[in-house]
Amino acid sequence: MFKRFKRSEHKRVEELLSAYIDGELPIEEATLVEKHLRDCSACTQNLETLRQTVSLMQQLPAVSPPRSFTISHLVAPERPWAWGYVYLRGATALAALLLTVLLAGDLGFQYLWAPRIAAPAPAPVEATVETSEAEIEAPIETPTAREAFDLMEAQKVEETPAPLAEATLPAERLGAALPSPEPTPTPELVAAAESPLPLPIAEGRAYATLRAERALVSLSTLRLLEGALFGAFLILGGATALVRWRRERYRSP
Amino acid sequence: MDEATLIAATRQGDTQAFDQLVRLYQGAIYNLAYRILGDEEAASDATQDAFLSAYKAIGKFRGGSFKGWLLRIVTNTCYDQLRRKKRQPTTSLEAVYLDSAPPWAENEEPEEYALRQELGSIIQRGLATLPPEQRIALVLSDIQGLSYEEIAEVMGTNLGTVKSRLNRGRANLRDYLLAQGELLPPRYRLKIESHT
């Protein structure tokens, strides 16, 4: 029984030796350690080698930092409007992106889709119309597309002042300079031309006009949207540039 | 400018003021990172990350010891690095001591200096064998000279845990050094005297 007590005390003292070296033990535990050390050579030796270890650690040479870790060149100064700048920049980029997508869609509509909706009108003329005749008839209807196109161009000139031209307009201008492509005999067109049930010509034309008008309505909505986006882009871009200028001025005192 | 003024200026977004704080403490912070990670490059990364985090979180500093706060941040950064990269502390045998005239060597003979460098790399290898918690506690206590309370604060734990980590860490390092035996320069060898 006595021996077991001694062993548990030995174990306990072993765990306290490190704190004993640092003088971090409460008085009763320190007394216990000291009392145990008088009888236990193993613990005394233990204490001695631990002390030497601590002493070696304390003699360890300090290493010099290989470089400086200053941060001013890594961070922009935090200002109340620093986050505003991030949001502004993001919003400007978003407006520019949307505008580009819209303009691209617009161009696609003008050159790929618009000629097609104007073209089907001549198709119902005769059930036996050959593909080549459809090609001949087509130019009669193209003015509708042309008008739409001209109107679009007229609006565009009003809505898009010079600055944006840098980013998006050159392609469009290039497109505008090219002649409007003639409608080509697409598969649907050929199918319509060969249809055994010809519609009356007037009805066909009315249908074509309706489609063209609808297209014009959605086109003008698109134009309005493009104009609004461009306005937003200009305002946001201006604000971003202004905040950026203030930031730069602040950074270089 | 004193520390409190520099901290106040940093809160206002003055990076130059924070740079002054960096210059004051980068030695201690880098040394801690170096002893925990055992690698110059990793220690540099951790030190830089820690100062950046400290700058961004300066609003959360609630007074007390600024150095302790920094030590806590770099300790966490090192923990993260150890966890993320599962990086085993690597000990380059040619541990780099870059200063040609380090402050501790002012009155030291070149031979003594060389011996201490040798001791440094052996201890560094010994530290690398310890679990990170024991290693960090040991470095904070015996190299940085922090009290148990400060270590508990830095490591986010209680006094009892600090005591047991230190005790086990020192015992493990002692065993490692004993096992090195004659690899240690004679004057640094652990002497086992028999007390009868």
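View 1. For the complex, the predictor gives an ipTM of 0.82 and a pTM of 0.56. The contact between the chains draws 36 residues from chain A and 51 residues from chain B. On the side of chain A that touches chain B, helix H1 (2-21) and helix H3 (41-59) of chain A each supply at least two residues, and H3(A) gives the most, with 13 residues. Sorted by class, that side of chain A holds 17 nonpolar, 13 polar and six charged residues.

**View 2. Chain B, a chain of helices without strands.** Chain B contains eight helices and zero strands, so that, in the order of the sequence, its elements read α-α-α-α-α-α-α-α. Of its 196 residues, 37% count as buried. When contacts in chain B are taken between residues at least 6 apart in sequence, 67% of them join residues at least 24 apart.

**View 3. Confidence along chain B.** The average pLDDT of chain B is 84, and 85% of the residues score at least 70. Among the elements of this chain, the lowest mean pLDDT, 85, belongs to helix H5 (residues 110-128) of chain B, while the highest, 94, belongs to helix H3 (residues 40-56) of chain B. Over residues 92-103 of chain B, however, the pLDDT is below 50, and this stretch has 15 contacts in the model beyond near neighbours in sequence. Where pLDDT is low, the predicted coordinates should not be read in detail.

**View 4. The packing of H5(B) against H8(B).** Helix H5(B) packs with helix H8 (residues 159-180) of chain B at an angle of about 130 degrees, and the two axes are 9 Å apart. The crossing in which H5(B) passes H8(B) is right-handed. From H5(B) the contact takes B:Ile122, B:Gly126 and B:Leu127, and from H8(B) it takes B:Leu173, B:Tyr176, B:Leu177 and B:Gln180. By class, the residues of this contact are five nonpolar, two polar and no charged.

**View 5. The packing of H1(B) against H2(B).** Helix H1 (residues 3-11) of chain B and helix H2 (residues 15-37) of chain B cross at roughly 140 degrees, and their axes come within 7 Å. H1(B) and H2(B) are therefore oblique to each other, and their crossing is left-handed. On the H1(B) side, B:Leu6, B:Ala9 and B:Thr10 meet B:Ala17, B:Phe18, B:Gln20 and B:Leu21 of H2(B). The contact of H1(B) with H2(B) comprises five nonpolar and two polar residues, with no charged residues.

View 6. The secondary structure of chain A consists of nine helices and zero strands, which follow one another from the N terminus as α-α-α-α-α-α-α-α-α. Of the 253 residues of chain A, 23% count as buried, and among contacts in this chain between residues at least 6 apart in sequence, 82% join residues at least 24 apart. Although A:Gly227 and A:Leu99 are 128 residues apart in sequence, their C-alpha atoms are 8.9 Å apart in space.

**View 7. Confidence along chain A.** Chain A averages a pLDDT of 73, with 59% of the residues scoring at least 70. Confidence in this chain is lowest in helix H6 (residues 162-165) of chain A, where the mean is 46, and highest in helix H2 (residues 27-39) of chain A, where the mean is 93. The pLDDT stays under 50 over residues 123-141 of chain A, a stretch for which the model has 35 contacts beyond four places in sequence. Residues 160-178 of chain A also have a pLDDT below 50, and beyond near neighbours in sequence this stretch has 14 contacts in the model.

Key. Residues are numbered from 1 along each chain as its sequence is written. Chains are lettered from A and ligands numbered from 1 in the order in which they are written. This is a predicted model: local features need pLDDT of at least 70, side-chain atom pairs count only at pLDDT 80 or more; totals for chains, interfaces and linings use all residues. pLDDT is the predictor's confidence in each residue, from 0 to 100. Helices (H or I, at least four residues) and strands (E, at least two) are DSSP runs, numbered from the N terminus. Two residues are in contact if their C-beta atoms, placed from the backbone, lie within 7 Å. Ala, Val, Leu, Ile, Met, Phe, Trp, Tyr, Cys and Pro count as nonpolar, Asp, Glu, Lys and Arg as charged, and the others, Gly among them, as polar. A residue is buried if 20 or more other C-beta atoms lie within 10 Å of its own, exposed if 12 or fewer, and partly exposed in between; C-beta atoms are placed from the backbone. Axes are lines fitted to C-alpha atoms, for helices over the stretch in contact, and angles run from 0 to 180 degrees between N-to-C directions. A crossing is left-handed if the near helix is turned anticlockwise from the far one by less than a right angle, and right-handed if clockwise. Angles under 35 degrees count as roughly parallel, over 145 as roughly antiparallel, 65 to 115 as roughly perpendicular and the rest as oblique.
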